[in-house]
Amino acid sequence: MTASIFAAERLLFSPAIPDNDAIPTIFAFPNEYTVGITSLGYQIVWATLAMRSDLQVSRLFTDIHEHLPLKPEILGFSMSWELDYVNILNLLEDLQVPIRAKERNDNHPIVFGGGPVLTANPEPFADFFDVVLLGDGENLLGNFIDAYKEVRNAPRQTQLKALAQVPGIYVPSLYEVVYRAPDDAIESIQPISSEVPAVVQKQTYRGNTLSASTVVTEKAAWENIFMVEVVRSCPEMCRFCLASYLTLPFRTASINDSLIPAIEKGLTVTNRIGLLGASVTQHPEFESLLDRLSQPKYDDVRLSIASVRTNTVSVELAQTLAKRDTRSLTIAVESGSEKVRRIVNKKLQQDEIIQAAINAKAGGLKSLKLYGMVGIPGEEPGDLDATVSMMHNLKKAAPGLRLTWGCSTFVPKAHTPFQWMGVNPQAQKRLQFLQKKLKPQGIDFRPESYNWSIIQALLSRGDRRLSHLLELTRDFGDSLGSYKRAFKELKGKIPKLDFYVHANWSTEQVLPWDHLQGPLPKSTLIKHLSEATTHFEQSSEKVLVGKG
């Protein structure tokens, strides 16, 4: 079965023939093959490694794997979802590699990790990795392999100290975290010696040729899709948004040098194209790209498009998508309340949202998915009424258009202005309120689990002490109840759940990721937070600026 799954792959790159002394490498995705092979990030890193003759690369998933080396020197993980940490620990055990970095010796591989979860905040998982790659892989990955080759035969500690000199390479064991008390905030984070950089800077790729699929297969979760990255980051800078703040600056792929050649290449193996990006329609030449894709030669192409900016939903866009086998469009509006949209910096008027629905229907689309949140800092119960009212008005303005309201709970993310704000304990009741009000209107309401949002917040704001909690949780069966049980067992040894999840933190507090520099300095994030709080009503929670 494994052979048939890999045989179904159509590669869009040429793997190198490994040299005699090639470095035995395993590159893993901690989930099933269908999920992992759909990750554009995983595809790109795998192809980048496989095109090097100085590496012998084998892929590993939770259900299948290629032929694995007996003594790998490098073992990498691409981490896209926080809760996949369980599979990382399971795979390490399967490979007989100690789970904790400090228990590994010269006979074990260097275990590295990368991907959005680890770039945002690697600290809850830091004790499991020897090396974390922070940021875009385009240059960082090659620099990592080249640096490793220089110290390939040196003792492990020498290797780690040498790797820590490379910009963007974070070696957690070379930093000491001191706490005010076992169950209190962080006192300081310092490198263990002067040879180790005090701050690790996330790496940013600044080219205008962005990523595109390196493999297409019917076995992927999105079967036979060729993905092409149209934009990276987002110019909107909604204050809760990791995809915007963590990946700044906003970059766009060149249409003639990157996008069209990539699409033409993809069409040699499939007729299904996916345009990816946090805000695809904000590419400055998006209309030109749309015109190109409207040509008769692309008539049999099935086009999928990621979330688009609401005020760019034109009749022409809807017509092109409908003609290309897309029936639905996704827009993120966050809330029906103009006040809440001002708080999060969503530059969007009510009439633009209404017009998007009208245009979507006029262009032949069957449904419109809107995404929003509850529990955004500063949100009041009346703001939920505004969301219900907006959805009612959309239904009137575009009768027959199927409307979906996908709703999550606000979760604070590192490197964003709202990293200091906790999860609103009223969020679960607010999800239930929207369900009660929207369902009778014939609106498809799709809430994300509040309980899992709590766990996501725990991991997005967590520090290294959570590694013990995560190991216990896995042992207890990896359920929501397991987290509660693990907190109970560690009482007095780590802070309570409330500290990580619900508390508003002081802007003077040492954050778990303060030694890891994102695109914007802390002072800028504080300024953006301060601007947001000017829109709060008097009764709303206030951020604890300057109270440590």
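This is a predicted model: local features need pLDDT of at least 70, side-chain atom pairs count only at pLDDT 80 or more; totals for chains, interfaces and linings use all residues.

Trainee: Which residue forms a salt bridge with Glu 82?
Mentor: Lys 413 does, and the closest N and O atoms of the pair are 3.2 Å apart. This pair links distant parts of the chain, 331 residues apart. Glu 82 lies in the loop between strand 4 (74–78) and helix 4 (85–94), whereas Lys 413 lies in the loop between strand 19 (402–409) and helix 15 (427–438).

Trainee: Are Glu 82 and Lys 413 buried or exposed?
Mentor: Both Glu 82 and Lys 413 are buried.

Trainee: What about Arg 324, and where is its partner?
Mentor: Arg 324 forms a salt bridge with Asp 299, with 3.5 Å between the closest N and O atoms. Arg 324 is in the loop between helix 11 (315–323) and strand 17 (328–334), and Asp 299 is in the loop between helix 10 (286–293) and strand 16 (302–305).

Trainee: Why does Arg 324 count as buried?
Mentor: Its relative accessible area is 1%, and buried means under 20%. Asp 299, at 47%, is partly exposed.

Trainee: Changing topic, which residue pairs with Asp 444?
Mentor: Asp 444 forms a salt bridge with Arg 402, the closest N and O atoms being 3.1 Å apart. Asp 444 is in strand 20 (residues 444–447) and Arg 402 in strand 19, 42 residues apart.

Trainee: Which residues do shared partners join into one network?
Mentor: Asp 136, Glu 138, Glu 229, Arg 232 and Arg 251 are joined in this way.

Definitions and conventions: Residues are numbered from 1 along each chain as its sequence is written. Side-chain values use heavy atoms; hydrogens and water are left out. A salt bridge is a side-chain nitrogen of Lys or Arg within 4 Å of a carboxyl oxygen of Asp or Glu. Helices (H or I, at least four residues) and strands (E, at least two) are DSSP runs, numbered from the N terminus. Buried means under 20% relative accessible area, exposed over 50%, partly exposed in between (1.4 Å probe, protein chains only).
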